[in-house]
Amino acid sequence: MFPTPVANASAPTRVAYKVALPISLVVWLLPLIGVMVTSIRPGSDLAMGNYFGVPSSFELGNYLTVFQNTPMGLFIMNSFKVTIPTVIGAVALSCLTGYALATYKFKTNLWLFFMFVAGNFVPFQILMVPVRDLTLKMGLYDTVTGLVLFHVAFQTGFCTLFMRNFIKALPSELIEAARVEGVSELRIFWFVVLPLMRPAIAALSVLIFTFIWNDFFWATVLVQGTHAMPVTGGIISLNGQWVAQWHLVSAGSVVAAMPPVIMFFLMQKHFIAGLTLGATKG
Amino acid sequence: MSEQALAPVSSGNSPKFSGGPTTSGASKTRSSKWIANQRKLAPWLFLAPGVVMFLVYVIAPIGQSLWISLYEWDGIGVKTFISIANYIELIDDEAFYTALYNNVLWLVLYMLAVPAGLLIAIFLNQTVTGIRIYKSLFFFPFVISQIVVGLIFSWFYAPNFGLFTKLLEFMGMEGIAILADERFVTYGIIVAGLWPQIAYCMILYLTGLNNVSPDQIEAARLDGAKGWKMLWYVIIPQLRPATFIAVVVTIIGALRSFDLVSIMTSGGPYGSSRVLSYYMYEQALSEYGFRMGYGAAIAVVLFAIMMVFITLFIVRMLKDEREGY
């Protein structure tokens, strides 16, 4: 193990390490802690210049205000409406594409794979004008559906890369054996491969959930009004509305950040497995 | 849900497979023909939905953008072909150079996330009680939306009362309104961007460190390698896959920077914190005008820069594939 475990080090080093850990964490998360404290501060504290002291009272009312005076509830709802179908769509499509690219040999296989990989890295701006135009023409501009369709298509790139490499690492004997038995290709996929893909599906679902929830660019490009706006776009408009009302901005930010954070802590193992796929290869 | 749905069906169907060989000879040849064709056809059926979606929404738009960049177009009316006039206009556009320069700055400074992530990973790669919670909390910034990160840092940098200003005053310096100062604004945004990016690199390296071969470390220790020497000659070479991914995601992150610029400064003051992605958006969609053609031309430049890195990445993947990793 590198570095040498502190357990083997001298007593002062061990103590120093245990002291350094929480201090470094507080420094690292300082901006975040500041915002969280601000979100429960009464507005009067800020007016009186009490920015960093102990809040004069715990004002959970800030959160209430955020939900009562703004369409925050609707924004959150929209985010779920965009995120969940995208996760299902992108993961489903990439199970199929990943399986095809991992188990069949045909001439264009590698090129199709590279198409997905390369497309996944393209800057969004090169897609912006045509995708917006296409969405307008389909009558889906300013709708949740229009946003979902694009996200599904784009995320299929990353998901295919992920799924293909995952299936490739599965023992190929399983599939070969099923083929010898004369099992149809569709059944092999459904009954042999798909059950083994559960960890990959879990990992991808959490990752895509976070990516899409946090998307801001496409929300502003493909949605205009409040009725279909996800929370990332929504909070921007609120930020304009609440000039200098940092206790409300903070509470709004905390609310907007919550779902992916909960998702991360619940599914941490899968999240990190997904994110670090390939980091240990070779 | 799929777990429960799958199990009984698969066990219910398995007898059918073994029943296969008892069918008559005639249908057997037909079915083997079908099986042979099926194996050719099946990949295309599996690929069709994903490939079609990807072609329509990702691949075709790249071509369309290249084409639109040769036109003058407000997004609604008639397109007028103006050949490379948009690109020629770019050459004399000072705002374009500012954005390009800022993109280079992003690329270079964003790379700090890689060594910084490695350092934090080394710091946290211990087995003390509670270390897992520390690791997840250190990773925290990456999970939060960039929009929220932007808001957090706007607050952090706020003149008069921001935490950053207070820290400066505490150290006896004068507070600076980072986001309102042309000299510092881009650096200020990059620092905000580094926060989640370092967390990302850290998690890649933590996984990498977990898989470093203990034998090699022991062997190197016996040879007297310690500290930095050990890190440089023994550990870092073994972390190459993690480094590769960290570099790739950091480059992409730097070139994709849009959210932070948008939320923290809207490209200001006086356009000094614009990056290409934001400038493109401004030209094509925001209140500054609906110049789709000009915007597309900026996007093409950004795409060309990205393409250099994408190509390098694909070449390396191709090498891996050929070696059959």
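The radius of gyration used here is taken over C-alpha atoms, and the rule for a globule is 2.2 Å times the number of residues to the power 0.38. For a compact globule of 282 residues that rule gives a value near 19 Å, whereas chain A has 24 Å. The C-alpha atoms of chain A fill a box of roughly 75 × 65 × 30 Å along the principal axes. The model is a predicted one. In chain A the mean pLDDT is 88, and 96% of the residues reach 70 or more. Where pLDDT is low, the predicted coordinates should not be read in detail.

Consider the make-up of each chain. Chain A contains 15 helices and 0 strands, while chain B comes to 15 helices and 2 strands. Of the 282 residues of chain A, 47% count as buried; for the 325 residues of chain B the share is 41%. Contacts in chain A with a separation of 6 or more come to 75% from residues 24 or more positions apart. In chain B, 68% of the contacts between residues at least 6 apart in sequence join residues at least 24 apart.

For chain A, an unreviewed entry lists residues 19–40, 82–102, 109–128, 148–167, 188–213 and 246–267 under "transmembrane region". In the model, residues 109–128 of chain A are 85% helix and 0% strand, with end C-alpha atoms 28 Å apart. Residues 246–267 of chain A are 95% helix and 0% strand, and there the end C-alpha atoms are 31 Å apart. For chain B, the unreviewed UniProt entry gives the "transmembrane region" label to residues 41–60, 104–125, 137–158, 184–209, 230–255 and 294–315. Residues 104–125 of chain B are 86% helix and 0% strand, and their end C-alpha atoms lie 33 Å apart. Over residues 137–158 of chain B the chain is also 86% helix and 0% strand, with 25 Å between the end C-alpha atoms.

Next comes the place where the chains meet. On the two sides, 86 residues of chain A are in contact with 87 residues of chain B. Helix 6 (residues 109–121) of chain A gives the most to the side of chain A that touches chain B, with 9 residues. That side of chain A divides into 62 nonpolar, 20 polar and 4 charged residues.

Leaving out residues up to four places away in sequence, Ile59(B) touches Met115(A), Gly119(A) and Phe54(B). Ile59(B) counts as partly exposed because it has 19 C-beta neighbours inside 10 Å, and a buried residue needs 20 or more. Ile59(B) and Leu302(B) are 243 residues apart along the chain, and their C-alpha atoms are separated by 16 Å.

Leu302(B) leads on to the largest nonpolar core. This core has 174 residues, and those with the most contacts inside it are Cys201(B), Met202(B), Tyr205(B), Ile298(B) and Leu302(B). Helix 9 of chain B gives the most to this core, with 16 residues. Apart from residues up to four places away in sequence, Cys201(B) touches Ala113(B), Val114(B), Gly117(B), Leu118(B), Ala246(B) and Thr250(B).

Helix 9 of chain B also takes part in the packing of a helix of chain A. In helix 15 (residues 268–275) of chain A, the residues His270(A), Phe271(A), Ile272(A), Gly274(A) and Leu275(A) are buried. The buried residues of helix 15 of chain A pack against helix 9 (185–210) of chain B, together with helix 11 (198–213) and helix 14 (246–266) of chain A.

Two loop residues have backbone angles to note. Asp142(A) is not a glycine, yet its phi is positive, about 65 degrees. Asp142(A) is in the loop between helix 7 (125–137) and helix 8 (144–168) of chain A. It counts as partly exposed because 16 other C-beta atoms lie within 10 Å. In chain B, Ser266(B), not a glycine either, has a positive phi of about 50 degrees. The loop that holds Ser266(B) runs between helix 13 (259–264) and helix 14 (276–284) of chain B. Ser266(B) has 14 C-beta neighbours inside 10 Å and therefore counts as partly exposed.

Note on methods. Residues are numbered from 1 along each chain as its sequence is written. Chains are lettered from A and ligands numbered from 1 in the order in which they are written. This is a predicted model: local features need pLDDT of at least 70, side-chain atom pairs count only at pLDDT 80 or more; totals for chains, interfaces and linings use all residues. Helices (H or I, at least four residues) and strands (E, at least two) are DSSP runs, numbered from the N terminus. A residue is buried if 20 or more other C-beta atoms lie within 10 Å of its own, exposed if 12 or fewer, and partly exposed in between; C-beta atoms are placed from the backbone. Two residues are in contact if their C-beta atoms, placed from the backbone, lie within 7 Å. Ala, Val, Leu, Ile, Met, Phe, Trp, Tyr, Cys and Pro count as nonpolar, Asp, Glu, Lys and Arg as charged, and the others, Gly among them, as polar. A nonpolar core is a set of buried Ala, Val, Leu, Ile, Met, Phe, Trp, Tyr and Cys residues joined through C-beta atoms within 7 Å. pLDDT is the predictor's confidence in each residue, from 0 to 100. UniProt positions are given in the numbering used here, feature names are shortened, and annotations may be inferred rather than shown by experiment.
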